[in-house]
Structures are given as structure tokens and as C-alpha cells.
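Me: Hi! Could you walk me through this one with me?
Reply: Happy to, let's have a look.

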Amino acid sequence: LELELASIKKGFFAFSGSWCAPLMHFTTNTQGKNGCLDEINNAYNQLLNDTNVETIILHAEWANYHKGFRWNDENYATYLFNEKNTFDFTAAKLEDNILELEKAIDFTFEALSKSEKDVLIILSVPEFEYHVPNTLNPKALFANKELLHLPLDSYENRSSEVNNLLIKYANKYEFDIYNPSQQMCNTQSCFSHNDYGSFYTDGNHLSLLGASMLTPHIVKILDN
């Protein structure tokens, strides 16, 4: 993406972290998934007030913050939103994640809208249950090649509720939206690879090949 944006004379800087939702005042108390509340809030404070930043892109595996887990993850996380960063998890429930997530999306999107910057919301990429490169390896033992094609229904069952929230508030604040499934799925399945290799470095993080498939579409939106 950085190279493609350079071709239209735009710079690019990525800020990310493991299990860090790119939303303000939104966190969990689950160990291993709660380490970046201050970093995210500080990043927003800087971005919203930096006149050199013209465009902000938000992307995440959004369903993680709704469902509270990735595939094969037994450490389910509950999330809360609180504008004052005072969180009481004693009564937090997994089924309430979507309500807390909606509050955080609305609050964050409103703050972005007030900054008068251009904003692009990128929805979740399909997530696979297994390590894609390892399963593609012709020497892999007991590899189930059927796993390399994810039914579209499975992607939608995991992601549609949070995707709909993102679309709702992106429309409310007149942000651009991009759905990677347009390039990674057909009407029946989502794909993990092509003849040139894997779209993923594991089961949910894009490889250079996977990213290069989406980049031209993102740049086209940013260049309009």
C-alpha cells in the first residue's frame, strides 16, 4: 500500500498492535488482549490534531471484538466502552460485546468526522481456521484441502453483524467503505490462495500476495 500510494504522491504510516481495536476508549480485561488502550487513545489524539494527516484508514479483524475470539481460541474476551476510561468488568457479558462495540464505533467515527479528515473504513478479510501456507504445503500430512475454501455463509455469519454496524455509521458520517470480500470471495466461497501462492501468512493476516490483490482498489478510493 505504501508503494502504491507513493505513485499518487501520498505518504503512508501504519499504527497497529495485536488485538488492538482501532477505536477510542474501548478495551477488554482479558489477559493478552488488553495491552493497548492508552496507545490507541494517544494515537487518535495525535492524528485528529495533526494537520499533515489528510486521510485516516481503519481496518481490523472486526469480528474479534464482537465474538471475542479467533478460531480455536478458548480465551473469550468481553469488551467495554467508556469515554472516561473507567471500566467495570464484573457484569460484562460476551453477548453485550456488540452493544459496546457500537458505542465505540459511533464515538470514534464522530470524532473522526469532526476532524474533517477523509476516512476509509475497511471491513474484515475472511478468516481461515487453519494455517493456510502450511496446509498448502504439498508435504503437509493430513491436510484437508477443503479447508482452503471458506463458505461465504461462514464469513457472513461471523462478520455480517459488525460489518453492518460499520456500514451504518460510515454512511452516517459520510466515510468511504471498502469490503475485501469483493475481491476474495465469489457468491459461494472465499479463497485463501491462487496459483501464485497463499493470500495469508497464517489464517487471518494477509501476505504480500493477498495485500497486493486489494491494494489497487484501496488506492482507487483514496485517489477519488
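Me: Which residues in α4 are buried?
Reply: This is a predicted model, and in it the buried residues of α4 are N97, I98, E100, L101, A104, I105, T108, F109, A111 and L112.

Me: How wide an arc do the buried residues of α4 fall within, seen down the axis?
Reply: They fall within an arc of 155°, so they line one face of α4. In general, an α-helix has 3.6 residues a turn, so residues three or four places apart point the same way.

Me: And how many residues does α4 have?
Reply: Helix α4 has 18 residues, 97-114. From first C-alpha to last, α4 reaches 26 Å, close to the 26 Å expected at 1.5 Å a residue.

Me: What follows α4?
Reply: E116 does, and its phi is positive, near 60°.

Me: Switching to the sheet: in what order do the three strands come, and is the pairing parallel or antiparallel?
Reply: The order is β2-β4-β6 in an open sheet, and the pairing is parallel.

Me: Which strands stand at the edges?
Reply: β2 (55-59) and β6 (176-178) do. Each has a single partner strand, so one side of each is left without a neighbour in the sheet. From one strand to the next, the twist averages 20°.

Me: Over how many bridges do β4 and β6 pair?
Reply: Three, with β4 covering residues 118-122. L120 stands opposite D176 in β6.

Me: Last one: which strands does α8 lie across?
Reply: Helix α8 (residues 208-222) lies across β2, β4 and β6, and runs at about 170° to β6.

Conventions:
Residues numbered from 1 in each chain as written. Predicted model: local features only at pLDDT ≥ 70, side-chain atom pairs only at ≥ 80, totals over all residues. Heavy atoms only, no water. Helix = DSSP H or I, 4+ residues; strand = E, 2+ residues; numbered from the N terminus. Expected span 1.5 Å × (residues − 1). Buried < 20%, exposed > 50% of the residue type's maximum accessible area, 1.4 Å probe, protein only. Arc of directions from axis to C-beta. Pairing = 2+ DSSP bridges. Axes fitted to C-alpha atoms, helices over the stretch in contact; angles between N-to-C directions. Contact = heavy atoms within 4.5 Å.
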